[in-house]
Amino acid sequence: NAGVTQTPKFQVLKTGQSMTLQCAQDMNHNSMYWYRQDPGMGLRLIYYSASEGTTDKGEVPNGYNVSRLNKREFSLRLESAAPSQTSVYFCASSESGGTSDEQYFGPGTRLTVT
Amino acid sequence: AQSVSQHNHHVILSEAASLELGCNYSYGGTVNLFWYVQYPGQHLQLLLKYFSGDPLVKGIKGFEAEFIKSKFSFNLRKPSVQWSDTAEYFCAVNALSGGFKTIFGAGTRLFVKA
C-alpha cells in the first residue's frame, strides 16, 4: 500500500517550458488535491477534484491545468512555466472530501523555474 | 474569506521543555480543525483533528490541542518535547460551508535541541 505517490521528485525548467506532475493514490479515495507550498505561506490549494470526472479551482489556479484521469490519478500541468511557479508541489487525497476528512499527502515535487 | 494564523514561525526548545504552538482562525461559523506535521524528509501527516464533542483533542505522539470557540483558537500542546519532535507543524481549518477547501496556516518550524 504505497499511499499517495508523485513523480518526479525534483524538476528544473526554463521559463516557458511545459511539464506535467503526476499523482496517484491506491486508497480508493474519491477526492484529490494539488497544493503548492511556499516559504512563509503554508500550503495553498491550486485545484481539487471532488470525485472522478470533476475538477474545480482552488485559491491559486492561474497558470495551471489539471486532469482527473481516473479515480487513482490526478495530474497537474504547467503549460508555460514562470519563475513565480518555483515551489514545492504536494498532491493529496481524501476519502470523500468531507470537511472532517483527513487528507493524505504525497512526498512532494520540488520545482525550480529559471 | 477564511484565514489561519500561526503566530510563531520558528520555535527552538530544549528536550523536556513544554510546547505550545498558537493557531487562530477567522471564520464565524462551524469549523473542523486539524494539525498536520511534516517531519524532515517525510510526508505531511495528520497529528490530530477536531470536528465535534470534547474540545480537548488528543493526537499521536503525546500531542493534544484545545479548541476555544470564543477565542477562535486551536493551540497545539505537548508537555515534554523530544528531539524527534523536530518538524514543521501546520494548523488547518475547514469550514462546513467551505466544501473541499481546507485552509492551511503558514507553518511553525520546531527545532528541539538534544
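Biologist: How many helices and strands does chain A have?

Modeller: This is a predicted model, in which local features need pLDDT of at least 70, side-chain atom pairs count only at pLDDT 80 or more, and totals for chains, interfaces and linings use all residues. Residues are numbered from 1 along each chain as its sequence is written, chains are lettered from A and ligands numbered from 1 in the order in which they are written, and side-chain values use heavy atoms, with hydrogens and water left out. Helices (H or I, at least four residues) and strands (E, at least two) are DSSP runs numbered from the N terminus. On that basis, chain A has 0 helices and 11 strands.

Biologist: What radius of gyration does chain A have, and what would a compact globule with 114 residues have?

Modeller: The radius of gyration is taken over C-alpha atoms, and the globule rule is 2.2 Å times the number of residues to the power 0.38. Along the principal axes, the C-alpha trace of chain A spans about 35 × 25 × 25 Å. A compact globule with 114 residues would be near 13 Å, and chain A agrees with a value of 13 Å.

Biologist: What percentage of the residues of chain A count as buried?

Modeller: Buried means under 20% relative accessible area, exposed over 50%, and partly exposed in between (1.4 Å probe, protein chains only). Of the 114 residues of chain A, the buried part is 50%.

Biologist: Which peptide bond of chain A is cis, with omega near -5 degrees?

Modeller: Most peptide bonds are trans. Pro8(A) is found in the loop between β1 (4-7) and β2 (10-13) of chain A. The cis bond, with omega near -5 degrees, runs from Thr7(A) to Pro8(A).

Biologist: Is Asn28(A) buried or exposed?

Modeller: Asn28(A) is found in the loop between β3 (19-25) and β4 (31-38) of chain A. Its phi is near 60 degrees, a positive value in a residue other than glycine. With a relative accessible area of 55%, Asn28(A) is exposed.

Biologist: With which residue does Asp38(A) form a salt bridge?

Modeller: A salt bridge is a side-chain nitrogen of Lys or Arg within 4 Å of a carboxyl oxygen of Asp or Glu. Asp38(A) counts as buried because its relative accessibility is 9%. With the closest N and O atoms 2.8 Å apart, the partner of Asp38(A) is Arg44(A).

Biologist: How many helices and strands make up the secondary structure of chain B?

Modeller: From the N terminus on, the elements of chain B run β-β-β-β-β-β-β-β-β-β-β-β. The radius of gyration of chain B is 14 Å, close to the 13 Å that the globule rule gives for 114 residues, so chain B is as compact as a globular protein of that length. Buried residues make up 48% of the 114 residues in chain B. The secondary structure comes to 0 helices and 12 strands.

Biologist: How many residues apart in sequence are the parts that Arg77(B) and Glu64(B) tie together?

Modeller: Arg77(B) forms a salt bridge with Glu64(B), the closest N and O atoms being 3.4 Å apart. Arg77(B) lies in strand β9 (residues 73-78) of chain B and Glu64(B) in strand β8 (residues 64-68), so the parts tied together are separated in sequence by 13 residues.

Biologist: Which residues do salt bridges that share partners join into one network?

Modeller: Arg77(B) is partly exposed, with a relative accessible area of 23%. Glu64(B) counts as buried, at 18% relative accessibility. Salt bridges that share partners make one network of Lys58(B), Glu64(B), Glu66(B) and Arg77(B).

Biologist: Which strands of chain B hold Glu88(B) and Arg109(B)?

Modeller: Glu88(B) counts as buried at 11% relative accessibility, whereas Arg109(B) counts as partly exposed at 47%. The two side chains meet in a salt bridge (3.6 Å, N to O). The pair links distant parts of the chain, 21 residues apart: Glu88(B) is in strand β10 (residues 87-95) and Arg109(B) in strand β12 (residues 108-113).

Biologist: In which loop of chain B does Lys61(B) lie?

Modeller: Lys61(B) has a phi near 60 degrees, a positive value in a residue other than glycine. At 48% relative accessibility, Lys61(B) counts as partly exposed. The loop that holds Lys61(B) is the one between β7 (56-58) and β8 of chain B.
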